Amino acid sequence: MSKHAATNTRSRPMFIDEDQVKQLLDWNEARYAIEQSFVSVSNQARDPVARFADQPVSSQPARTFVQAEGGVLLCMPGFVGQHRLASGSSDRASTLACKLITSFRKNASIGLPSINGEVFVFNSTTGKLEAIVEANHLTGIRTATASLVATDHLFLRPARARTPDGTVSIQLGIVGCGFQGMMHAIGFVRTQAALARVRVIRLWNRTPGRATQLKEVLTEEAKKTGSNYSVFVCDTVEDCCRDCDVIVTATGSSEPLVYRSFLKPNVHINAVGAGEFHHAELAQDVYDECQVYIDHQEGARKELATLRSNIVGEVGEVILRENRPQEESLLPKPGGISVFQSLGMATEDVTVGRLVYEKYLKAHSDQM
Ligand SMILES: NC(=O)C1=CN([C@@H]2O[C@H](COP(=O)(O)OP(=O)(O)OC[C@H]3O[C@@H](n4cnc5c(N)ncnc54)[C@H](O)[C@@H]3O)[C@@H](O)[C@H]2O)C=CC1
Ligand SMILES: O=C(O)C1=NCCCC1
């Protein structure tokens, strides 16, 4: 064989397991990675002449779904170009990755997570697979962080700007206390210093025992983080939502759970769960009144095609327009209902997968 023939003898890709992901992934670093992901999608969607050269760009098709007997396999490929790996750093990277993830609803009855997956991180110059990152915990953190970022930019920043000391405190409602519900509650608690003090957490789950379990987790979390919030397990969704400033819905329900009459006039909702379709958890009377924000237009065209509401735009576009007075703000009208309709997108897994991989390389640099 010619000595110039291409070979494929490189060592195996790194495998970064669930425990390592848990050790490596930090909420505030993930928040920055998710902001980069949001911004990359909206910067890319702009007219080329209006794109910001100092902001990342991206490429991601709408994801594909393969229906199997017990559930569904999602294929989520994406590329983020010229993203910053850490806040305040001038270092930029480009990342190509693909998440393969399954959602098998009945797994809970046999003690397995319903969502299982991996992120495959490729070298963006050569296309070689470099790392496989377990994506259960990663999906939990990145999905909750997407809600944190949306809540911050759509609701908390404007609220903080209206207070004399620039701080706010919230009452948080969690409708659905499965894995995502838990990760969202923990995410809000762990990022209090940057976003908002959490003074009350109200929990509802179809099976009340799960809400009680989450209450125990959050009570431990309060001790660990030195937080001072009260946690209530609620008998009804209405009771859970009552007086809440921020609500997370993270269930597999295909029927509406949250109605307009349950809500304060000024509330932000992160609608995360996907039943048969992705906007089942909120009743039409909520959608009739609220302003909806999405993670990406391309995905929404396919997965929110039947949603009847006022879709204002992408969260990334809201972020891009912040502090740019020459651009019309996309912020929600103050005093109303805003909804982040979270589909989940590949670029989130791209930037968060890369963050985990970089941190893994740094932690193991003496062994390389
Ligand atoms: N937007 C995004 O990026 C992502 C969305 N998801 C979605 O979030 C939801 C929750 O996922 P996980 O917490 O991982 O699942 P999980 O299996 O840990 O929890 C499911 C939760 O849904 C509740 N539930 C199921 N059917 C219900 C019904 N008919 N009425 C009321 N509650 C019901 C369960 O009681 C449980 O609290 C799922 O719909 C999943 O597809 C998951 C990952 C990412
Ligand atoms: O974005 C994701 O990851 C998921 N979204 C919907 C449900 C499965 C996982």
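Predicted model: local features only at pLDDT ≥ 70, side-chain atom pairs only at ≥ 80, totals over all residues.
The secondary structure of the chain amounts to ten helices and 15 strands. Its radius of gyration is 20 Å, close to the 21 Å that the globule rule gives for 368 residues, so the chain is as compact as a globular protein of that length. Taken along the principal axes, the C-alpha atoms fill a box of roughly 75 × 55 × 45 Å. Of the 368 residues, 46% count as buried. Among contacts between residues at least 6 apart in sequence, 68% join residues at least 24 apart.

The chain is divided into two domains: domain 1 is made of residues 14-138 + 348-364, and domain 2 of residues 145-345. The contact between them takes 20 residues from domain 1 and 24 residues from domain 2. On the side of domain 1 that touches domain 2, helix H2 (residues 27-45) gives the most, with twelve residues. By class, that side of domain 1 has ten nonpolar, five polar and five charged residues. The centres of domain 1 and domain 2, taken over C-alpha atoms, are separated by 22 Å.

In soluble globular proteins, nonpolar side chains tend to be buried together. Here the largest nonpolar core has 97 residues, and those touching the most other members are Val 133, Leu 203, Tyr 293 and Val 356. Helix H3 supplies the largest share of this core, ten residues. Both domain 1 and domain 2 give residues to the core, so it lies between them. Val 356 shows some of the contacts in detail: leaving aside its neighbours within four places in sequence, Val 356 is in contact with Ile 16, Val 21, Leu 24, Leu 25, Val 133 and Leu 138.

A residue counts as buried if 20 or more other C-beta atoms lie within 10 Å of its own. Ala 159 has 19 C-beta neighbours inside 10 Å, and therefore counts as partly exposed. Ala 159 and Gly 111 are 48 residues apart along the chain, and their C-alpha atoms are separated by 41 Å.

Ligand 1 is surrounded by 26 residues, of which the closest are Gly 178, Gln 180, Gly 252, Ser 253 and Gly 344. This shell draws at least three residues from each of domain 1 and domain 2. Helix H3 (136-162) and helix H4 (179-190) each supply at least two residues of the shell, and the largest share, three residues, comes from H4. The residues around ligand 1 divide into eight nonpolar, 16 polar and two charged.

Ligand 2 is surrounded by Leu 74, Ile 101, Ser 103, Ile 115, Thr 139, Ala 274 and Gly 344. By class, its shell has four nonpolar, three polar and no charged residues.

Note on methods:
Residues numbered from 1 in each chain as written. Chains lettered and ligands numbered in written order. Near = placed C-beta within 6 Å. Helix = DSSP H or I, 4+ residues; strand = E, 2+ residues; numbered from the N terminus. Nonpolar A, V, L, I, M, F, W, Y, C, P; charged D, E, K, R; others polar. Domains from an automatic or database assignment. Buried ≥ 20, exposed ≤ 12 C-beta atoms within 10 Å, placed from the backbone. Contact = placed C-beta atoms within 7 Å. Core = buried A, V, L, I, M, F, W, Y, C linked by C-beta atoms within 7 Å. Rg over C-alpha atoms; globule rule 2.2 N^0.38 Å.
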